[in-house]
Amino acid sequence: MGKIITIANQKGGVAKTTTAVNLGASLAQMGQPVLLVDMDPQGNASSGLGLNKNELERCVYDVLINDVPPEEVMIHTDIRNLDLLPSTMQLAGAEVEMVTLLAREQILKKALSPLKNKYQFIIIDCPPSLGLLTLNALAAADSLLIPIQCEFYALEGVGQLMNTVQLVQKHLNPKLTIEGVLLTMFDARLNLSIQVVDEVKKVFGNKVFRSIIPRNVRLSEAPSHGVPVVIYDPKSKGSEAYQELAKEVMGID
Ligand code: ADP
Ligand code: MG
């Protein structure tokens, strides 16, 4: 049975999408069948994998609202073992339209559950909010990966995220666990980065991944070329860090 990992943090710009794309691609390159689910109406994960969102006829919106099977919407990417359930701006409407639906928090879980025996990992990229799209992703998940940026106010909002996780565990998904906390955009030259690492380790202890993602310009360049950094520049520091993370997630160290 595959594992569903949701990547969430309601703060924007903490590297949710960068992590979803590059962890997904790294796992796929290691031979694991991976489905990446883009649950952000911005569709950054979809364009980061080279998709032209304007040319898509259907997206994850149709899975959530029109009951279209995910197999009919998903795309095989150029990377072996990596499939994508893309998103477009249309998904923004789903947040409102789902409100009136029955079991509205469990729609994604229901759609993805038949795919769990097809993929080793299903990775869900969330929008920067704790609305119904993120709740659906948390309800569907086996575990949650929380990226935290090594910056001022790193832990801001994380308390609120953890409260939401507790509510989800109580009412929607008792089996939800914390996969780990990932420190991102680390800059070894900055005291601040080092302080954030200490602070986050104090709060989350052994839940913090040993892999730390450095600030690396190749990671920020890759999306404009429509490929993950593990393809764009496999030997870059950013690429190596995400490959290490993939090993940790697979349990090989
Ligand atoms: P989120 O999905 O949480 O909003 P993104 O993954 O889109 O965050 O990252 C925000 C911005 O930071 C993007 O422009 C991305 O390319 C850049 N970025 C992410 N991780 C790194 C990193 N380790 N080094 C440099 N830039 C990064
Ligand atoms: Mg994003």
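Let me start inside the sheet. E2 and strand E4 (residues 82-85) pair in the parallel sense, over four bridges. Two strands count as paired if DSSP finds at least two bridges between them. Strands here are DSSP runs of E, at least two residues, and helices are runs of H or I, at least four, with numbering from the N terminus. In E4, Leu85 is the bridge partner of Val37.

A word on the source. This is a predicted model, where local features need pLDDT of at least 70, side-chain atom pairs count only at pLDDT 80 or more, and totals for chains, interfaces and linings use all residues. Residues are numbered from 1 along each chain as its sequence is written, while chains are lettered from A and ligands numbered from 1 in the order in which they are written.

Now the whole sheet. Seven strands form an open sheet, in the order E3-E4-E2-E5-E1-E6-E7, and the pairing is mixed. At the edges sit strand E3 (75-76) and strand E7 (177-184), each pairing on one side only.

Next, E5. Strand E2 (residues 34-38) pairs with E5 in the parallel sense, over five bridges. Here Leu36 has Ile123 of E5 as its bridge partner. Strand E1 (residues 3-7) also pairs with E5, parallel, over five bridges. Ile4 has Ile122 of E5 as its bridge partner.

How many residues of E5 are buried? Five of the five, across residues 121-125, and the strand is mostly covered. Buried means 20 or more other C-beta atoms within 10 Å of the residue's own; exposed means 12 or fewer; partly exposed lies in between; C-beta atoms are placed from the backbone. Phe121, Ile123 and Asp125 point one way from E5, Ile122 and Ile124 point the other way, and all are buried.

On to the ligand. Ligand 1 is surrounded by 18 residues, and the closest are Ala15, Lys16, Thr17, Thr18 and Ser220. The criterion for being near is a C-beta atom, placed from the backbone, within 6 Å. Two elements give two or more residues to this shell: helix H1 (16-29) and helix H9 (217-221). H1 gives the most, with three residues. What is the shell around ligand 1 made of? Seven nonpolar residues, nine polar and two charged. In this count Ala, Val, Leu, Ile, Met, Phe, Trp, Tyr, Cys and Pro are nonpolar, Asp, Glu, Lys and Arg are charged, and the others, Gly among them, are polar.

H1 has a packing partner too. H1 and helix H11 (residues 237-250) pack at about 70 degrees, with their axes 9 Å apart. Axes are lines fitted to C-alpha atoms, for helices over the stretch in contact, and angles run from 0 to 180 degrees between N-to-C directions. So H1 and H11 are roughly perpendicular to each other, a label that covers 65 to 115 degrees.

Ala103 sits in the loop between helix H4 (91-97) and helix H5 (107-112). Ala103 has a positive phi of about 50 degrees, although it is not a glycine. Is Ala103 buried or exposed? Exposed, because Ala103 has 11 C-beta neighbours inside 10 Å.

Met185 lies in the loop between E7 and helix H8 (191-204). Met185 is not a glycine either, and its phi is positive, about 55 degrees. Met185 is buried, because 24 other C-beta atoms lie within 10 Å.

Ser129 is in the loop between E5 and helix H6 (132-140). With 15 other C-beta atoms within 10 Å, Ser129 is partly exposed. Ser87 is 42 residues away along the chain, and the C-alpha atoms of Ser129 and Ser87 are separated by 16 Å.

Technical notes
Angles under 35 degrees count as roughly parallel, over 145 as roughly antiparallel, 65 to 115 as roughly perpendicular and the rest as oblique.
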